[in-house]
Amino acid sequence: MIHSLFLINASGDIFLEKHWKSVVSRSVCDYFFEALERATEPENVPPVIPTPHHYLINVLRHRIYFVAVIQSEVPPLFVIEFLHRVVDTFQDYFGVCTEAAIKDNVVVVYELLEEMLDNGFPLATESNILKELIKPPTILRTVVNTITGSTNVGEQLPTGQLSVVPWRRTGVKYTNNEAYFDVVEEIDAIIDKSGSTITAEIQGVIDACVKLTGMPDLTLSFMNPRLLDDVSFHPCVRFKRWEAERILSFIPPDGNFRLLSYHVSSQNLVAIPVYVKHNISFREGSSQGRFELTLGPKQTMGKAVESVLVSSQLPRGVLNANLNPSQGTYTFDPVTKLLSWDVGKINPQKLPSLKGSMSLQTGASKPDENPTINIQFKIQQLAISGLKVNRLDMYGEKYKPFKGIKYMTKAGKFQVRT
Amino acid sequence: MDTFLRYLKEREQERLIKILSFMIYIFRHDDLKEMLDSNKDSLKLEAMKRIVAMIARGKNTSDLFPAVVKNVACKNIEVKKLVYVYLVRYAEEQQDLALLSISTFQRGLKDPNQLIRASALRVLSSIRVTIIVPIMMLAIKEAASDMSPYVRKTAAHAIPKLHSLDPEQKDQLIEVIEKLLADKTTLVAGSVVMAFEEVCPDRIDLIHKNYRKLCNLLIDVEEWGQVVIINMLTRYARTQFLNPNVNESLLEDSSEKAFYASDDEEDEDKKTEAAALAKRKPYVMDPDHRLLLRNTKPLLQSRNAAVVMAVAQLYFHLAPKAEVGIIAKALVRLMRSHSEVQYVVLQNVATMTIKRRGMFEPYLKSFYIRSTDPTQIKILKLEVLTNLANETNISTILREFQTYIKSMDKDFVAASIQAIGRCATNIGEVRDTCLNGLVQLLSNRDELVVAESVVVIKKLLQMQPEQHSDIIKHMAKLIDNIQVPMARASILWLIGEYCEHVPKIAPDVLRKMAKTFTNEEDIVKLQIINLAAKLYLTNSKQTKLLTQYVLNLAKYDQNYDIRDRARFIRQLIVPTDKSGALSKYAKKLFLALKPAPVLESPFKDRDHFQLGSLSHLLNAKAGGYQELPDWPESAPDPSVRNVEVKDSIPDWSKCTSRKDRKEKKVDKPFYSDSEGESGPTESADSESDSGSGSESASASDESGSGSESEESGEETESEDEEEDEEKEKKRKKHLDKTKAKKPAEESAESEQSSGTEDRKRGRKAVKNQKSASESESESESSESEDESEEESEEESESDTDIRKKKTPVSKQPPKQSKKESKKEKQEMSLLDLDDFEPAPTSAPVTPVNFLSSSLVSDLEGLSLTDTILAPTTIAPSGLIKLYELLHRITGEGLAVEYCFSRQPFSPDPNMVAVQIQFTNNTNSETKNLHIKEPRLQSGMRIREFAEIEVLAAGESVTVVMGIDFCDSTQAANFQLCTHTRKFFASIQPPVGELMTPVFLTENDFKKEQGKRTSAHPRFSTPSCSIDCSFSSKRLSFFFFLCSSVSLKFIFNS
């Protein structure tokens, strides 16, 4: 399966290599660099690059290319999914997955990779198991280790892998037992010029942070489970129970995990919480263009729209933009032609607007592309689909846990065409 | 705290700098060696960490090997682990030193802690040192029967490692795989199937008995294992079950438009359907097939994209048409994932949308393109949208496309224009709208957009040129401005092709082009010549001089193709005294009505690759790709999977079966791997055969009765008892037939008879059982009972004996020698049998035996003449390499070698003659050597050699078979069958053996060579392919022939 892994940074240096079978020369990455050169944008590198003797499968995360070398037929998604899992694990361990973090913790990284693959086939990818094998480096532990010379590697070999619930480590103990669930929904939408919705859908996830002693068995039920059209579960969720009763029943992993992701059925009309009034125009013959943008709340169920961020890729002909925001700050990068406006909170009484002019290249004809406007926002304490958790119960343990549920709505890929 | 940390970091850096300077200026790694040799664990750890960091950066640290290996037994677990990392990395380079560490691991293998055993095995098997192969083999075998499933999992992981290190261990490893496949824990399942896929993916027979178990365990297997198992089961199901869309698949071929077919088409469909129905029985899905579909469905909900994709491809390839739809939703969900996942999913969706458009239509809007998508994703989405377009949604799709054309991403805009073109060709209603839209784009400011539009318009116009002369005029004007060569060429071609529609403009364009001829690109030049030729033929008055001018320019062009084209065209169109016969047809050649191009999706026909595979993504076969087999015409015997059901019956049968399994394990060492396995399966086979075949005694019915036997299995069982006597009579008849029949059918017959014998005992067992509990009447129960019966006998006698007794005739040749020495004992055992069974059943056994031996002696002469004849027909010329097809040991005494005789294979000139030599190294004769079940790549064919009736002990025979490899070096796989055994064999030709031998005298050869080499270079220029799109296709085909012939000569020289 996976022969080798190369980590390549944005400037094209290979800063880490790991081989699970015989060593593959790093010159194989030249094919990758060729592809990188050909691609106009960093994300346009094809995920699978065939070379005479190997195939390179790469993913780009945090401006690092993770390039896996494989030699024979293997489902490409298998490798891609695994590479993403590696990145997630690094993030879990080091907080961020940057070149610096990886270089600083190169030994831990190596130990992790050694455990995650055996002969190129995934062995332990569950973060609970890995954390038992290799303790994540914390500041305190680094200090203690330096002084006492003790190690990061668990003395005890993991037991989770052998149990019926491989995702949960055994012997968990907490003084404060708590279980928090975040219901986060994202709206993906394309709004056309006139403000009508072309497509809009809601995707949601339930992220959990469970710190419970022992082996708790949880059930989570919804007020309106019918809203959930398509779901995918963490392996801990009992599928049969969901099918029969629409109840999530599971023994949770320890710590943070994604319990569920779902898609809200497309029959329901999606409430669009913001609207945009825009007027972006270029006049023929003149080297000036007009730019006007006004945001306003719409269908927010009385909640405030926060952390609004507007960005737009302006046409290549635009040299500079001279704008005046009624609130927040804006930046325009004359090289990438990216305009971004950090609005903050939308005040329904005084709608935020950004007005001004754009200067064009003199003599150049009027650009015929229209920029699209991407919007990000957050609405706290609201699940826009109306999904509500009914109750959370715990079985199998005696104590009373502290439970909490939080709702949030965010913009996913929210685009307004002009 | 912070300052302290900073201090630590600084100290660390200082030290690092010191060490670096050390490394560079004084000795290499000397301080590290010192640290490793010290007594302090912390120093060792520090050193190992640095070494690992160096390895990670790709620095060579192999000179530290001795110092590091010493620490393999270190107490500190982290040091130990890092030493392992080092060891696995460098052991291959320093094999001798690596051996020092082996004893540590061997000790580890015996540790009471399962996790230490597992990690020892893991490292041991990762050390790629050939010398320790036997040790590894032993360790794997031991671990495979370890108590702990975790260790067994590690053993499964170790199998492919050993296989890649030493492929000769394959047979033993298959044995281990077989054992581990029977494992019931979810932990092992994924890993062992993984090993199966790497070591012996074609041994589908190992899966039969574990099929149901794998299906049932699937949901609990870890996600990576699920992917591997699902992919394997997809292939398995393709070989074992019937196509659930038998009836639909016929319709699909007739046309994709079956959805909105006109009336007469529907009638046709009905007819074919009726014909199909008449031919086949109504389709009933095998319950095992259903089981697979049912148990994989929940996995569509997995969080792992690879699992979802695996299930999706399983449904696409295996499910009835009506059920495939459920995967669409899950695949659309994956589109929310990372862009790499999107990329792969969209590729697969694109392929699916061609075959089953309806599936994704409800999700049309999910494929709308966002400006933030990477270009490669945009283009794939565009592909999907185009495939999904039909009459009802085309207006929304076109509106979407309109906004895409305004995008800033020019590659994407070009792709959008092409997509519009494809929609226009596929959907007649919108052709005019699209054309108008595209014509408007001609006035776009961006040249790329215009060029792309021109190319697309050219294709559209070809469909209905009459109505659009004004568009052609418009495009003729464009030629002054457009610089993109492909667009210029397209315009010129259009004007030339439809010069009669624009009689005034065309000559003028030619005039302009003649002026700029020398500065044009090659494809444009070719089109100018084309235009000139066409105009000359239609309007020679105005253009004669222009044409001659252009041709003269072309005559002195630098490019081969252009000079050739000019020469060729001049001969054709300009009448000279010695112009050939062709010039009469010049007008026909040039102004023939060209078929309109079909704009096809690049994803068409990609579904012959298993979806979700790397090969599918690349649209080329990746190494190690296992072809997805076609559905079988008739289902193989479903009862081969029965073993597992027996276990699910909770009562008495359970304990016997367990005993049974234990017994089988003990069995194995007696036989070489596949023998041990074929014993039980064979008996199971013959039983079920007897179930269905009892009515129709001929063996050929067995294969056809697959679906029947499933239903009739229970019936026959109950009938069995009543028909007891009747069958006895039948068997006698049967016997008579056997005597009359030719020995060719003998083996089958004898098998049958042994089968009937088996069944007899089974039936007897059932009778016993009946007395115990009357309700039990399932076929499985009888089977297991049968086996347990055997065991009770086995207890009293030696193993080989029992086998001989069971199948005295069909027994393996190697055992024949023993047979003689134990003749008396055998008689004894036969007598034993008599105690068990009514006399008549044992009667047929001996006569058949007798008969066979007499026939054998008769036929010996025949086979001898064969050996004499073979060498004369094909005299091997010179030194020809012999390849091994079947080794003496794996073939149990039968050795098979083959060579490419490099002689023409007279029955079929396309085939390569393969000379096969069989040698019987045993002391007994081998009978009925023939080839069965060839599994070939598409297009490949085999002409089998005539069956070798008998091969006496020590003799060898040479035969010739023909294989058409279709000019590929893909292996031809088939089974080599003797009267008792089947061997998998595969012949892979080296490239050099694929040529047609041609006999030439030296002079002839030189002559040909002279001709060809002068002609050759121009055919290798890439413009050949461009030719065919514009001018007559026939021509380029002719060129192609020439070039391939010349290639052949070059190879020969």
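This is a predicted model: local features need pLDDT of at least 70, side-chain atom pairs count only at pLDDT 80 or more; totals for chains, interfaces and linings use all residues.

Trainee: How many residues does H29 of chain B have, and how far does it reach?
Mentor: Helix H29 of chain B, residues 505-516, has 12 residues and reaches 17 Å from its first C-alpha to its last. About 16 Å would be expected at 1.5 Å a residue, and the span is close to that.

Trainee: Which residues in H29(B) are buried?
Mentor: They are B:Ala506, B:Pro507, B:Val509, B:Leu510, B:Met513 and B:Ala514. They cover an arc of only 155° around the axis, so they lie on the same side of H29(B).

Trainee: And what do the buried residues of H29(B) pack against?
Mentor: Four helices of chain B: H27 (469-478), H28 (485-497), H30 (522-538) and H31 (540-555).

Trainee: Changing topic: is B:Arg89 buried or exposed?
Mentor: B:Arg89 is buried, because its relative accessible area is 16%, under the 20% cut-off. B:Arg89 sits in helix H5 of chain B. Beyond its neighbours within four places in sequence, B:Arg89 is in contact with A:His19, A:Val23 and B:Ile55.

Trainee: How many aromatic pairs are there over all chains?
Mentor: The structure holds 23. In one pair, B:Phe609 and B:Tyr625, the ring centres are 5.6 Å apart and the planes are at 70°, so the pair is edge-to-face. B:Phe609 and B:Tyr625 are 16 residues apart, and both are buried.

Trainee: What sits over the ring of B:Tyr560?
Mentor: The charged end of B:Arg563, 5.3 Å from the ring centre. Likewise, the charged end of B:Arg641 sits over the ring of B:Tyr211, 5.5 Å from its centre.

Notes: Residues are numbered from 1 along each chain as its sequence is written. Chains are lettered from A and ligands numbered from 1 in the order in which they are written. Side-chain values use heavy atoms; hydrogens and water are left out. Helices (H or I, at least four residues) and strands (E, at least two) are DSSP runs, numbered from the N terminus. The expected span of a helix is 1.5 Å times one less than its number of residues. Buried means under 20% relative accessible area, exposed over 50%, partly exposed in between (1.4 Å probe, protein chains only). The arc is that of the directions from the helix axis to the C-beta atoms. Contact means heavy atoms within 4.5 Å. Rings of Phe, Tyr and Trp (its six-membered ring) pair if their centres lie within 6.5 Å; planes under 30 degrees apart count as stacked, over 60 as edge-to-face and the rest as tilted. A charge sits over a ring if NZ of Lys or CZ of Arg is within 6 Å of the ring centre and within 35 degrees of the ring normal.
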